[in-house]
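I set out to read this structure in order, from the whole chain down to single residues. My entries follow.

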Amino acid sequence: VQLQASGGGLVQAGASLRLSCAASGRLFSFYDMAWFRQAPGKQRELVAAISSGGRTNYADSVKGRFTISRDNAKNTMYLQMNNLKREDTAVYYCARGPRFSSSVEDYNYWGQGTEVTVSS
């Protein structure tokens, strides 16, 4: 299984970005997926998760601004990020897990990360 994250970039505060995570392999629709992020000097943290059935969970810091979604026909997960803030600056990773969870330990396949930098 390979996960390919893309869509990061340098934007100003208040702008929007959409991240994509393309997954190889079969049975994408069967798996729970998530976006995590890691800022310099900080631990990796959950941004949003989406279950195989479409249930979602968001970090409090992104609720109302970010939307996670998936297109099972395209084996792709998305993260629409609106009203970006400087504190959203991080490397964003997509992950596939056997469990719908907010814990890094519950995800066993990871993409390579895409960098998001938000300037003021």
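**Entry 1. Fold pattern.** I began with the order of elements, and the protein chain reads β-β-β-β-β-β-β-β-β-β-β along the sequence. I noted zero helices and 11 strands in the chain. I also recorded that the model is a predicted one.

**Entry 2. Overall dimensions.** I asked what radius of gyration the protein chain has. Along the principal axes, I found that the C-alpha atoms fill a box of roughly 40 × 25 × 25 Å. I then looked up contacts with a separation of 6 or more, and 56% of them join residues 24 or more positions apart.

**Entry 3. Surface and charge.** I read an accessible surface of about 6300 Å² for the protein chain, with 43% of that area belonging to carbon and sulfur atoms. Of the 120 residues, 43% count as buried. I found 14 positive and 9 negative side chains, and the centres of these two sets lie 4 Å apart.

**Entry 4. The largest nonpolar core.** I recalled that in soluble globular proteins nonpolar side chains tend to be buried together. Here I found 28 residues in the largest nonpolar core, and those touching the most other members are Trp35, Met77, Leu79, Met81 and Tyr92. Strands that each supply at least two residues of this core include S1 (3–6), S3 (17–23), S4 (32–38), S8 (76–81) and S9 (90–97). The largest share, four residues, comes from S3. Apart from this core I located another one of six residues, among them Phe36, Leu46, Ala49 and Ala95.

**Entry 5. Tyr92.** Which residues does Tyr92 touch, not counting those up to four places away in sequence? I listed Leu19, Trp35, Phe36, Arg37, Val47, Phe66, Leu79, Met81, Gly113, Thr114 and Val116.

**Entry 6. Arg65.** I placed Arg65 in the loop between strand S6 (56–58) and S7. Is Arg65 buried or exposed? Arg65 counts as buried because its relative accessibility is 9%, under the 20% cut-off. Not counting residues up to four places away in sequence, Arg65 touches Gln80, Met81, Asn82, Asn83, Leu84, Lys85 and Asp88. I also checked Arg65 against Val1, 64 residues apart along the chain, and their C-alpha atoms are separated by 30 Å.

**Entry 7. Asn82.** I turned next to Asn82, one of the residues that Arg65 touches. Asn82 lies in the loop between S8 and S9, and its 29% relative accessibility makes it partly exposed. Leaving aside neighbours within four places in sequence, I found Asn82 in contact with Ala15, Ser16, Arg65 and Phe66. The C-alpha atoms of Asn82 and Gly14 are separated by 7.1 Å, although the two residues are 68 apart along the chain.

**Entry 8. Positive phi values.** I kept in mind that most residues other than glycine have a negative phi. Asn83 is not a glycine, yet I read a positive phi of about 50°. Asn83 is found in the loop between S8 and S9, and it counts as partly exposed at 43% relative accessibility. Leu27 also has a positive phi, near 60°. I located Leu27 in the loop between S3 and S4, where its 46% relative accessibility counts as partly exposed.

Methods: Residues numbered from 1 in each chain as written. Predicted model: local features only at pLDDT ≥ 70, side-chain atom pairs only at ≥ 80, totals over all residues. Heavy atoms only, no water. Core = buried A, V, L, I, M, F, W, Y, C linked by side-chain atoms within 4.5 Å. Buried < 20%, exposed > 50% of the residue type's maximum accessible area, 1.4 Å probe, protein only. Contact = heavy atoms within 4.5 Å. Rg over C-alpha atoms; globule rule 2.2 N^0.38 Å. Areas by Shrake-Rupley, 256 points an atom, 1.4 Å probe, with all protein chains shown as cover. Lys, Arg positive; Asp, Glu negative; His and termini not counted. Charge placed at Lys NZ, Arg CZ, Asp CG, Glu CD.
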